[in-house]
Amino acid sequence: MAGKLHTVRGRGGIVTAPHHLAAQAGLDVLKDGGSAAQATIAVAATLAVVYPHMTGLGGDGFWLIREADGRVHAVHGVGGAAQAATLDRYAGHAAVPWRGPLAANTVAGTLSAWEAVLATEPAPLPLSRLLAPAIAHAEAGVAVTAGHAALAASKGPELRAQPGTYAQVFEPEGRPLREGDVLRQPALARTLRRLGEAGPADFYTGALAADVAADLAALGSPVAAADLAAHRATRPEPLAVETQAGTLYNSAPPTQGVASLLILALAERAGRSTGVGFAHVHTLVEATKQAFLWRDGHCGDPAYMTVAAQDLLDDAEALDAMAARIDPAQALPWPQPSQWGDTCWFGAADAQGQVVSAIQSTYFEFGSGLVLPQTGITWQNRGASFRLTETGWNALKPGRKPFHTLNPALAALGDGRVMAYGTMGGEGQPQTQGAVFSRHVWHGMDLQEAISAPRWLLGRTWGEDSTTLKIEDGFAPEVYAALEAAGHVVERVGPLTAMMGHAGALVRHPDGALEGATDPRSDGGVAAW
């Protein structure tokens, strides 16, 4: 994004999203009298149209909502594996394929999350109103972003080879769409219009469900009509951890929300640095390692977990013991296996005091690559993360929910501020959350600067196998030298790289003032009034 970004302020309402048209769609809902939660539905729908490489109706979604009275609740729209997604179905495969019909093996939970979110609202605007901007953009067309164009070019060969209508929709002229080309999605527009009339449940049990199931069957996906009909959104208690700054919230398993909370809780216990130099980065990276070790050993579908994430967060002695493993001068040898995923985080706050942190995704860019002919929906490949084994972590079983990198964050600070924040980026999500929160809350950095400043990423991302500590240009030279001296395998990367994710944040102050920021690494925007 050209030019320097500044923190956006308002009092009537604020929305931040990784595409400016989605942020504007949310703000228009607020201006029409809708709540922050309703605004995020408009944002989510618009992102499905204007940012289809990152999210869509065929994916999963998670919401954290803080009401004006301080109550925090969650909605999980995460689909389980199809009943036909058995180990026998994958005989001959060493792993679930990343693309294609066998990758499209879980139910899409996004629309169930929308329905559940709106069910909590006392006077929701009609769904047709919330979907109107998305429908208009799908029908009239929207300019392709630089990020979309780059991914379409690099992933085109594997995506156009999949059954369905990917090539017809995203390569209408026989080539990947380029930046500035107009993307039109008439089939998706018709689907959104049907949803506005019949409601989200139609996707699971109605006429729309029949069309979806027929397309999935024709394309070879294991997901059937019975799987759609059996799906329900859930409302688990959000995870929470008490810190010196206030109460931090995140999503419960099967997400990695516990890792995001652990990073900040452990780094605080290890001792906050006096600035944002070596000690700050090193401590957060080492806290990340401890958090990931616990996450990768325990976190997944809660029905299969043997320990409870909240129990750990409530156990001060256990947290102290984990923090004590952080050496202030020496890096723990790495790597460990890393997690993938591309995502859209977005947030909204209204004048009445409701603050929302939300995230949804189709996992990889364009998900499984299956675009359903009748509906224009791109189906996720979240179930490609399942392991083809009888037992153990994230083992494939019919009905089992896959481990999720998605995790929206929210904090109720001791000084009365409420902060919603998050990012896309799979393995980088907890790390970027830690960077943004600690810079703004612990070190008083301006909200936009906390996002724009150079970041780091431990582990692999965006199709890379290296598990180095990737760190953007822009830190003081002595920071890189000190990190290497401490034993980190430092890999310098260019400034403002997409591999660092597309972060966003907003803050509601006790007097009602609102602040929001977006990531110059994205095509995002903040809309406020």
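Here, buried means under 20% relative accessible area, exposed means over 50%, and partly exposed is what lies in between, with a 1.4 Å probe and protein chains only. Leucine 496, for one, comes out as partly exposed because its relative accessibility is 44%. This is a predicted model, so to speak of local features pLDDT must be at least 70, and side-chain atom pairs count only at pLDDT 80 or more, while totals for chains, interfaces and linings use all residues. Residues are numbered from 1 along each chain as its sequence is written, and side-chain values use heavy atoms, with hydrogens and water left out.

Leucine 496 sits in the loop between β15 (490–493) and β16 (504–508); helices (H or I, at least four residues) and strands (E, at least two) are DSSP runs, numbered from the N terminus.

Tyrosine 363 is another non-glycine residue with a positive phi, near 75° in its case. Tyrosine 363 belongs to strand β10 and counts as buried because its relative accessibility is 3%.

Then there is a cis peptide bond, running from proline 253 to proline 254, with omega near 20°. Proline 254 is in the loop between β8 (246–250) and α11.

**Salt bridges**

Side chains of opposite charge can pair when their charged atoms come close. The cut-off used here is a side-chain nitrogen of Lys or Arg within 4 Å of a carboxyl oxygen of Asp or Glu. Searching the whole structure turns up 20 such salt bridges. Here are some of them, with the N to O distance for each pair.

| Acidic residue | Basic residue | N to O distance |
| Aspartate 32 | Arginine 129 | 2.8 Å |
| Glutamate 171 | Arginine 160 | 2.9 Å |
| Aspartate 320 | Arginine 269 | 2.8 Å |

Take the salt bridge between aspartate 32 and arginine 129. Aspartate 32 is in the loop between α1 (20–31) and α2 (36–50) and arginine 129 is in helix α4 (residues 127–140), so this pair ties together parts 97 residues apart in sequence. Aspartate 32 is partly exposed at 47% relative accessibility, and arginine 129 is partly exposed too, at 22%.

Next comes the salt bridge of arginine 160 with glutamate 171. Which of the two is buried? With 6% relative accessibility, glutamate 171 counts as buried, whereas arginine 160, at 37%, counts as partly exposed.

The salt bridge between aspartate 320 and arginine 269 joins two helices: aspartate 320 lies in α14 (residues 316–324) and arginine 269 in α11 (residues 257–270), so parts 51 residues apart in sequence are tied together. Aspartate 320 is partly exposed at 41%, and arginine 269 is partly exposed at 31%.

Salt bridges also link up into a network, made of Arg455, Glu472, Asp519 and Arg521.

**A charged patch on the surface**

Which residues form a negative surface patch? Glu242, Asp311, Asp314, Asp315 and Glu317 do. Patch members have over 30% relative accessible area and no salt bridge, and like charges are joined within 9 Å. Aspartate 311 is in helix α13 (residues 309–314) and counts as exposed because its relative accessibility is 53%.

**Cysteines and two more spots**

A disulfide is a covalent bond between the sulfur atoms of two cysteines. With the cut-off set at a pair of cysteine sulfur atoms within 2.5 Å, the count of disulfides is zero. Cysteine 299 is buried at 0% relative accessibility, and cysteine 344 is buried at 0% as well.

Threonine 375 is also buried, with 0% relative accessibility. Its place is in the loop between β10 (355–363) and β11 (409–413).

Is proline 477 buried or exposed? Proline 477 is exposed, with a relative accessible area of 64%, and it lies in helix α17 (residues 477–485). Proline 477 and threonine 274 are 18 Å apart, C-alpha to C-alpha, and 203 residues apart in sequence.

Conventions:
Patch = residues over 30% accessible without salt bridge, like charges linked within 9 Å, V, L, I, M, F, W, Y side chains within 5 Å. Areas by Shrake-Rupley, 256 points an atom, 1.4 Å probe, with all protein chains shown as cover. Lys, Arg positive; Asp, Glu negative; His and termini not counted. Charge placed at Lys NZ, Arg CZ, Asp CG, Glu CD.
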